[in-house]
Amino acid sequence: MTNAYHHGDLKNALIRTGLEIIETEGVAALTLRRVARETRVSHAAPYRHYKNKETLLVDLAIAGFERLSETFDKSLAGFTGSAAEQIACMGKAYIRFAMDHPDLYRLMFGDRIKTKTQYAGFFRAYDSMYKMLLEMVQNAGPRAAGDAAITVITMWATVHGYVTFILDNSPDPYVGSPGQIDRLMDKVASFL
């Protein structure tokens with residue numbers, strides 16, 4: 001890795017380096033010392049922004065949510081389909097993101113960050129996805145507020161469970177195939 005740090009924004013340099021490590025070697029390879037070395041700063045430098053590894057992981061997960069949001073924006077750019085078609089399009093983008101960035105996805109949704117509710121930035125990033133889906137479901141037609149929330153949770157849980165199935169069974173050529181993903185998302189969209 002060639003993430004040399006030159007005077008500027010140390011925190012973002014550490015995040016970029018951390019993301020590179022996760023993408024190439026996984027979360028297990030990530031330490032504050034390693035991030036410092038790869039960023040070419042002293043071993044003490046990360047402690048200016050992070051009190052421990054978990055606080056760095058939180059910022060990396062937030063960066064993951066930002067990337068996922070950008071993925072959604074790209075997949076929906078110029079999209080003129082129905083709400084059900086938009087949901088299906090977003091679901092496919094979510095699945096592709098997880099397949100392309102499995103370690104980052106697992107960091108975002110897994111148990112590496114033990115105290116997620118203590119981090120306001122993490123909660124906001126996670127909650128923004130829920131609110132975006134909730135708005136799409138509500139725009140699909142009139143329904144009671146509780147029904148819309150349960151619909152979102154059902155759709156998200158279905159797609160999230162399927163992603164877990166894909167990541168845990170990646171050698172299987174049928175799991176996560178384009179045809180299977182299309183059929184799953186048609187079913188998820190029918191929840192509307």
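These legends go with a set of close-up views of a predicted model.

The model is predicted, so local features need pLDDT of at least 70 and side-chain atom pairs count only at pLDDT 80 or more, while totals for chains, interfaces and linings use all residues. Residues are numbered from 1 along each chain as its sequence is written, and side-chain values use heavy atoms, with hydrogens and water left out.

**View 1. The whole chain, before zooming in.**
The protein has 8 helices and 0 strands, so the run of elements from the N terminus is simply α-α-α-α-α-α-α-α. Helices here are DSSP runs (H or I, at least four residues; strands would be E, at least two), numbered from the N terminus. The C-alpha trace spans about 55 × 40 × 30 Å along its principal axes. Of the 192 residues, 44% are buried; buried means under 20% relative accessible area, exposed over 50%, and partly exposed in between, with a 1.4 Å probe and protein chains only. Take the contacts between residues at least 6 apart in sequence, and 64% of them join residues at least 24 apart. Contact means heavy atoms within 4.5 Å.

**View 2. Helix α3 packed on helix α4.**
Two packed helices are described by the angle between their axes and the distance between the axes. Helix α3 (residues 53-76) and helix α4 (residues 83-100) pack at about 135 degrees, with axes 9 Å apart. That makes α3 oblique to α4. Axes are lines fitted to C-alpha atoms, for helices over the stretch in contact, and angles run from 0 to 180 degrees between N-to-C directions. Under 35 degrees counts as roughly parallel, over 145 as roughly antiparallel, 65 to 115 as roughly perpendicular, and the rest as oblique. The crossing of α3 past α4 is right-handed; that is the label if the near helix is turned clockwise from the far one by less than a right angle, and left-handed goes with anticlockwise. On the α3 side, the contact is made by G64, R67, L68, T71, F72, S75 and L76, and on the α4 side by Q86, C89, M90, A93, Y94, R96 and F97. Sorted by class, this contact holds 8 nonpolar, 4 polar and 2 charged residues. Ala, Val, Leu, Ile, Met, Phe, Trp, Tyr, Cys and Pro count as nonpolar, Asp, Glu, Lys and Arg as charged, and the others, Gly among them, as polar.

**View 3. Helix α3 again, now with helix α5.**
Here α3 meets helix α5 (residues 102-109) at about 110 degrees, and the axes are 9 Å apart. That makes α3 roughly perpendicular to α5. This time the crossing is left-handed. L57, L60, A61, G64, F65, R67 and L68 from α3 touch L104, L107, M108 and F109 from α5. The residues of this contact split into 9 nonpolar, 1 polar and 1 charged.

**View 4. T55 in helix α3.**
T55 sits in helix α3 and counts as buried, at 13% relative accessibility. Its side chain reaches the backbone oxygen of N52 at 2.7 Å, and a polar atom of that T55 side chain lies 3.2 Å from the backbone nitrogen of K51. Leaving out residues up to four places away in sequence, T55 touches Y50 and Y119.

T39 belongs to helix α2 and is buried, at 0% relative accessibility. The T39 side chain makes a polar contact with the side chain of T17 at 2.8 Å. A polar contact is a pair of N or O atoms within 3.5 Å; within protein, one must be able to donate a hydrogen and the other to accept it, and residues adjacent in sequence count only if both atoms are side-chain atoms. The backbone oxygen of V35 is also 2.7 Å from a polar atom of the T39 side chain. R40 is in the loop between α2 (32-39) and α3, and at 53% relative accessibility it counts as exposed. Most residues other than glycine have a negative phi. R40 has a positive phi of about 65 degrees although it is not a glycine.

**View 5. Y162 in helix α7.**
Y162 is found in helix α7 (residues 145-168) and is buried, with a relative accessible area of 9%. Setting aside neighbours within four places in sequence, Y162 is in contact with I95, V175, G176, S177, Q180, I181 and L184. V175 is 13 residues from Y162 in sequence, and their C-alpha atoms are 9.0 Å apart.
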